[in-house]
Amino acid sequence: SRLPSTPASEEAIRDGLQHRDEARQYAAAKSLMCLPKDSQLLVIDTLRSSLGSDYGVHYLLASCAGLLQLKERSDLVRDALAETAPQYAKSRVAAAWSCVRLGLKDQQTTLQELSQSSRWEPLRWSCERALTHLA
């Protein structure tokens with residue numbers, strides 16, 4: 001099925017990322033990804049400062065930073081990987097893959113620790129796989 005469309009305005013993207021309907025969240029992420037790079041960075045920064053504690057938004061920003069190869073937002077990916085609150089577990093998985101896309105070899109120690117110590121199998125597996133790609 002097709003994703004609903006989201007206008008490429010910051011307000012529409014923000015509202016879509018916060019929606020509890022996953023199709024709307026992904027449509028908003030797609031709209032973010034279609035913006036010019038300067039606009040992507042601006043929207044990400046605004047969303048991070050205003051909605052960074054929303055775990056759905058947090059996850060999608062961690063994903064988009066890697067998918068868009070925004071090295072300028074590597075700190076966002078590092079922060080997401082380091083987040084220990086349980087509701088951010090999906091963000092940590094997204095961050096592990098974003099580490100690969102951004103070539104964040106400085107995160108290998110954290111990825112190694114998580115691949116061995118995380119109680120959540122998807123995070124352990126993702127970190128293990130990310131490590132093989134970063135090697």
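**Reading the core, the helices and the cysteines**

Me: Which residues does Leu111 touch, once residues up to four places away in sequence are not counted?

Reply: With contact taken as heavy atoms within 4.5 Å, Leu111 touches Leu81, Ala96, Cys99, Cys127, Ala130, Leu131 and Leu134. This is a predicted model, in which local features need pLDDT of at least 70 and side-chain atom pairs count only at pLDDT 80 or more, while totals for chains, interfaces and linings use all residues. Residues are numbered from 1 along each chain as its sequence is written, and side-chain values use heavy atoms, with hydrogens and water left out.

Me: Which members of the largest nonpolar core touch the most other members?

Reply: In soluble globular proteins, nonpolar side chains tend to be buried together. Here the largest such core (buried Ala, Val, Leu, Ile, Met, Phe, Trp, Tyr and Cys residues joined through side-chain atoms within 4.5 Å) has 38 residues, and Leu17, Leu32 and Leu111 touch the most other members. Helices H1 (10–18), H2 (22–34), H3 (37–51), H4 (55–67), H5 (74–82), H6 (89–102), H7 (108–117) and H8 (121–134) each supply at least two of its residues, and H4 gives the most, with seven. Helices are DSSP runs of H or I of at least four residues, numbered from the N terminus.

Me: How should I read H2, and which of its residues are buried?

Reply: The expected span of a helix is 1.5 Å times one less than its number of residues, so the 13 residues of H2 should span 18 Å, which agrees with end C-alpha atoms 18 Å apart. Buried (under 20% relative accessible area, with exposed over 50% and partly exposed in between, for a 1.4 Å probe and protein chains only) applies in H2 to Gln25, Ala27, Ala28, Ala29, Ser31 and Leu32, and these residues pack against H1, H3 and H4.

Me: Is Ser98 buried or exposed?

Reply: Ser98, found in helix H6, counts as buried because its relative accessibility is 0%. Ser98 touches Ala62, Ser63, Gly66 and Val77, not counting residues up to four places away in sequence, and its side chain reaches the backbone nitrogen of Gly66 at 3.4 Å.

Me: How many disulfides does a search of the whole structure find?

Reply: With a disulfide taken as a pair of cysteine sulfur atoms within 2.5 Å, the search finds zero. For Cys34, the nearest cysteine sulfur is that of Cys64, 10 Å away. Cys34 is exposed, with a relative accessible area of 62%, whereas Cys64 is buried, at 2%.

Terms used
A polar contact is a pair of N or O atoms within 3.5 Å; within protein, one must be able to donate a hydrogen and the other to accept it, and residues adjacent in sequence count only if both atoms are side-chain atoms.
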